[in-house]
Amino acid sequence: MSSKPKAPSSRLDSDLTDAELATLAIRAGHQRTPEGEHSEPIFPTSSFVFHSAAQAAARFGGDEDGNIYSRFTNPTVRLFEQRIAAMEEGERAVATSSGMAAILSLGMGLLSQGDHIVCSYSVFGSTVSLFTKYFSKAGIRTTFVDPSDLDAWRGALEPDTKLLFLETPSNPLAEIADIRAISEIAHQHGALLAVDNCFCTPALQKPLLLGADIVIHSATKFLDGQGRCIGGVVIGPDALMEEVFGFVRTGGTCLSPFNAWVFIKGLETLELRLKAQSAQAMELAQWLQQQPQIERVHYSGLDTHPQHQLAAQQQSAFGAVLAFEVKGGQEQAWSVIDGTRMISITGNLGDTKTTITHPATTTHGRLSDDERAQAGIKDNLIRVSVGLEALDDIRSDLQRGLAAL
Ligand SMILES: *Cc1c(COP(=O)(O)O)cnc(C)c1O
């Protein structure tokens, strides 16, 4: 056994079994090193050294657990994985270099040539491209369905359907998919349900407790929450995650330790941020609904939203992202965006800074006109991800934008 001093802290590790989300977000996964550091350490190292050639052989041969190379495992990345797995109430997490790398690694780890995916049509634009342009090259086909139409999900199943994939609430129109009902459809067919939980995060919605098998995240968004790093993660049962991990360590879609460390610190304030940003988004959605220049507001917190009840059941708040259609077309939408002064014009979301974007010409610009029409993304649509600036200042800035019309 090693003669190193014992870390002063592991006393807390065993006490976290019944801990609530806010506690897990701050404490889960940290096993102190013998230095006794209070804040989580960062291990920016590409490889790890061995005491002897025999130990190196044992590690490489799998006879001894431990780090070898940071494409396989890294202590900072592992801490992030353990913390987010605890927060989503999943068995195991595998961190990836981006949200897209999470979805790629999920597909490469779990699917084979000839397999079929049923996917909600209102998922992130790059997810659609990944499935239609690249998974198709590997002989994996995808059928897209209306996320809120359960008969469409059932009707799209084929003998080779292995995976159902959805995002709820959807981006940018806040359509809600019934996770429990769709997980039952998947399981009756012997397929898996994966949920991209980017917009709610475990602070507002835990898909695994509603029957989903797998959760994926773009950590780039709310998990970081301050717009600093790109990263992702896949969470689910150990046996499935072992396959995803196998692809990540071989294909190299791994997360950097520095980015993992930023996400660890982001998770600590996740619940506080999501609750506060959701409350501000709700107030803004109600206010926007009353403005004469606006035709329609898309936000699942509004009781006029067609799936408001379902959102209220499966989420603990309605999230920070809303969208609205102005009277007119692209020219009017661009005028509103350009008329704001403080809000950042950027495609990113989930930040403490409020952001504004015109989906039809940015995030969803690469879709064909047909695909965009099917996804309901009109030229007069504007998306806002509500941050943590004072509500009055955000409202005044949007008011300034609307006054440009
Ligand atoms: C941004 C985003 C992704 C992709 O994540 P990256 O980190 O940019 O690769 C996937 N899904 C959703 C819902 C997103 O918003």
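How many disulfides does the structure hold? The structure holds 0 disulfides, a disulfide being a pair of cysteine sulfur atoms within 2.5 Å.

## Basis of the model

This is a predicted model, in which local features need pLDDT of at least 70 and side-chain atom pairs count only at pLDDT 80 or more, whereas totals for chains, interfaces and linings use all residues. Residues are numbered from 1 along each chain as its sequence is written, and side-chain values use heavy atoms, with hydrogens and water left out.

## Cysteines

A disulfide is a covalent bond between the sulfur atoms of two cysteines. Cysteine 200 takes part in no disulfide, and the nearest cysteine sulfur, that of cysteine 198, is 9.6 Å away. Cysteine 200 has 0% relative accessibility and therefore counts as buried; buried means under 20% relative accessible area, exposed over 50%, and partly exposed in between, with a 1.4 Å probe and protein chains only.

For cysteine 229, the closest cysteine sulfur is in cysteine 254, at 14 Å, which is too far for a bond. Cysteine 229 is buried as well, with a relative accessible area of 7%.

## Domains and their contact

The domain assignment, whose bounds come from an automatic or database source, gives domain 1 (21-267) and domain 2 (271-403). Their contact, meaning heavy atoms within 4.5 Å, takes 33 residues from domain 1 and 36 residues from domain 2. The C-alpha centres of domain 1 and domain 2 lie 27 Å apart.

## The cavity between the domains

On a 1 Å grid over the protein atoms alone, a cavity is a set of points where a 1.4 Å probe fits but cannot get out, and lining residues have an atom within 4 Å of a point. The structure holds 1 cavity of 30 Å³ or more.

Pro169, Ser170, Ala174, Phe199, Phe318, Gly319, Ala320 and Val321 line the largest cavity. Because domain 1 (21-267) and domain 2 (271-403) both give residues to this lining, the largest cavity lies between them. By class, the lining has 6 nonpolar, 2 polar and no charged residues. Here Ala, Val, Leu, Ile, Met, Phe, Trp, Tyr, Cys and Pro count as nonpolar, Asp, Glu, Lys and Arg as charged, and the others, Gly among them, as polar.

## The second largest pocket

A pocket is an open set of grid points with protein on both sides within 12 Å along at least five of seven lines. The second largest pocket has a volume of about 640 Å³. Of the 30 residues that line this pocket, Phe72, Thr73, Arg78, Arg92 and Phe245 are the closest to its centre. The lining divides into 12 nonpolar, 8 polar and 10 charged residues.

Helices (H or I, at least four residues) and strands (E, at least two) are DSSP runs, numbered from the N terminus. Helix H2 (53-60), helix H3 (75-88), strand E1 (92-96) and helix H9 (238-251) each supply at least two residues of the lining. H3 gives the largest share, 5 residues.

## Positions around helix H1

Alanine 19 is found in the segment before helix H1 (21-27). At 22% relative accessibility, alanine 19 counts as partly exposed.

Glutamine 31 lies in the loop between H1 and H2 and counts as exposed, at 58% relative accessibility. Glutamine 31 and aspartate 393 are 362 residues apart in sequence and 42 Å apart in space, C-alpha to C-alpha.

How values were computed: Grid points are joined across faces, edges and corners, and a volume is the space filled by probe spheres set on the points.
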